[in-house]
Amino acid sequence: MTDLWNGEPAPEWTSGPWSLELRDDEFADISYEGSVVLRSIRAVVRDRNWDTARLVVDRVDASGIALTLHVHSTGLGSDLRGIVRAEARGAGRLRVLTDLESASGFETNRTGLVALHPPALAGAAMDIRHPDGGVTRSRFPADISPHQPAFDIAGLSWSHDGVAVDVRFAGDVFEMEDQRNWTDASYKTYSRPLALPFPYALAADERVVQSIEISVSGTPTRAVEEPLTRVRLEEGPPLPAIAVSASTAPDPAPDFAPVGAAVLVELDLATRNWRAALDRAAASGLPLDVRFVLAEDDPAAIDQAALALRDLPVSRATAFPPTGPAQHVSDLSAIGHLRHALTEAGVEAEVVGGVRSHFTELNREHHRLPRGLDGIVFSSTPLFHSLSSAQLIESIAMQRLVANQGVRLAGGLPLHIGPISLRPHFNNAATSPPPMPEHDDLRDGYGPAPAEVADPRQSAPELAAWTIASAAAFAVPGVTTLAYFEEWGPRGLRTADGAALPALDAVEALAALAGEPGLRGDSPDGLVWALGARSADRDVVLVASLDRRARRVDIELPGGTVRRVELAPCTFTRV
């Protein structure tokens, strides 16, 4: 595996039965006798747009009973300094605390500790203790919960795999959200309830002091590791079409051969260079999947935009309002304006609806979608709350959950998932408008993407295996299109000069199977995934491993035929 993907090995801290990994500023995989109790505890500093300031670790002090991080925040106007510490307080108790002091006034939406619970707790019973001493008996959601499954939290208790866990929160009132909405492999318990006003002000010299104390009893159940992995595939409906997003990088565009069945392009009609962006997307000659962001100050802009589509091969289109209660959701009004504009322009295309952003918003706002749509859309990114490669890998199993629930929400309509990008293609949580382009052309690129949109792992060889695994997870029956990455540029399948990147091989392999009767199956461990197609000549299967070690995998095809494959770490192969 490359350093670009894997990075430096995370140091481990142990104290008696307790262990954790130190991933930069995060206490990850907090375990008791080798069994993960919490996925993570970390301190976060978020500004008024929900962007996260970096927490720099200045010094680490470690002993047999405590691990202390001396930290300071940087960026977004923040200036907090202090500590984050884990300390063992007996064989079955671990306490994590933070004490941060703000050197200056700072507007924040959240500053304090967050705890992540493992997704294996889905459906498990939990007791929620409240600050007034009351207890609510509930469960970790099995289906992805659109809204917070637990409020007003002072403590949580649950049992799993032979271990009883009790967690106490101090320093603020906490609540929980289901981060599987964003394909994070966790439930998150965080402080300051969202029902309270935000942003709120931290005054100069104000301290944020919070703690999370974990108590554990029992003996963890030991999992038996099998030396050979088996993936069983079953025949089903045709595999999804594979699309690619138009590049958002600055001109000039390189020469390249188009790939996939369509080009997805998002056009913000409030910008002055949306026509140039449309011209770039149309240059491939492939059918277009057009997502309009309506111009709030110019309702007639959608009419001009529809006219611009008149002579282009448009497969589908939708529209999103940029503000208001249906922000980024294609509600009845937005779809009505779009339908009228397309009819007046004489453009025939499927009219789809959904959300501009994550599955989260589809899960929460699908009631706003009008009837009579030709399909449902949402985008996906694994790197919303965390930028770690561990998060990239863990997101794959969550993509399967999101796809299955998305198909149910679509109610029989085709589901089109994309753009699928490593980092968000825009900040849907921003409370201030994005900067507008200064030119009519694409000399500066286009789109309101956040400043740090380019992830260095876009060029990593391992991203090819990740893409195959992602498609295997997403491509459940009912999913009609998957749109991966951009044609070229920092978020693309090629560099700005047109050189192919490793992920291109994966997208081309997936595109070659699109539309064929599918061979689908579950992953035995979230690390090994397979997807295939059945034809008259032979079955073709793509197998990917995201494991750090080599794997032996048996692929069982319909009818009982077994193909064995040896996979190096983070690679894929055709069998």
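I began at Ala 530 and found that its bridge partner in β33 is Val 543. I noted that this is a predicted model, where local features need pLDDT of at least 70, side-chain atom pairs count only at pLDDT 80 or more, and totals for chains, interfaces and linings use all residues. Residues are numbered from 1 along each chain as its sequence is written, and side-chain values use heavy atoms, with hydrogens and water left out.

Next I looked up the strands, which are DSSP runs of E with at least two residues, as helices are runs of H or I with at least four, numbered from the N terminus. β32 (residues 528-534) and β33 (residues 539-545) pair in the antiparallel sense over seven bridges; pairing requires at least two DSSP bridges between two strands. A hairpin of four residues joins β32 to β33.

I then checked β31 (residues 517-520), which pairs with β32 in the antiparallel sense over three bridges. Arg 520 has Leu 531 in β32 as its bridge partner.

Last, I turned to two helices. Ile 302, Asp 303, Ala 306 and Leu 307 in α3 meet His 337, Leu 338, His 340, Ala 341, Leu 342 and Ala 345 in α4, where contact means heavy atoms within 4.5 Å. I sorted the residues of this contact into seven nonpolar, two polar and one charged; Ala, Val, Leu, Ile, Met, Phe, Trp, Tyr, Cys and Pro count as nonpolar, Asp, Glu, Lys and Arg as charged, and the others, Gly among them, as polar.

Methods
Buried means under 20% relative accessible area, exposed over 50%, partly exposed in between (1.4 Å probe, protein chains only).
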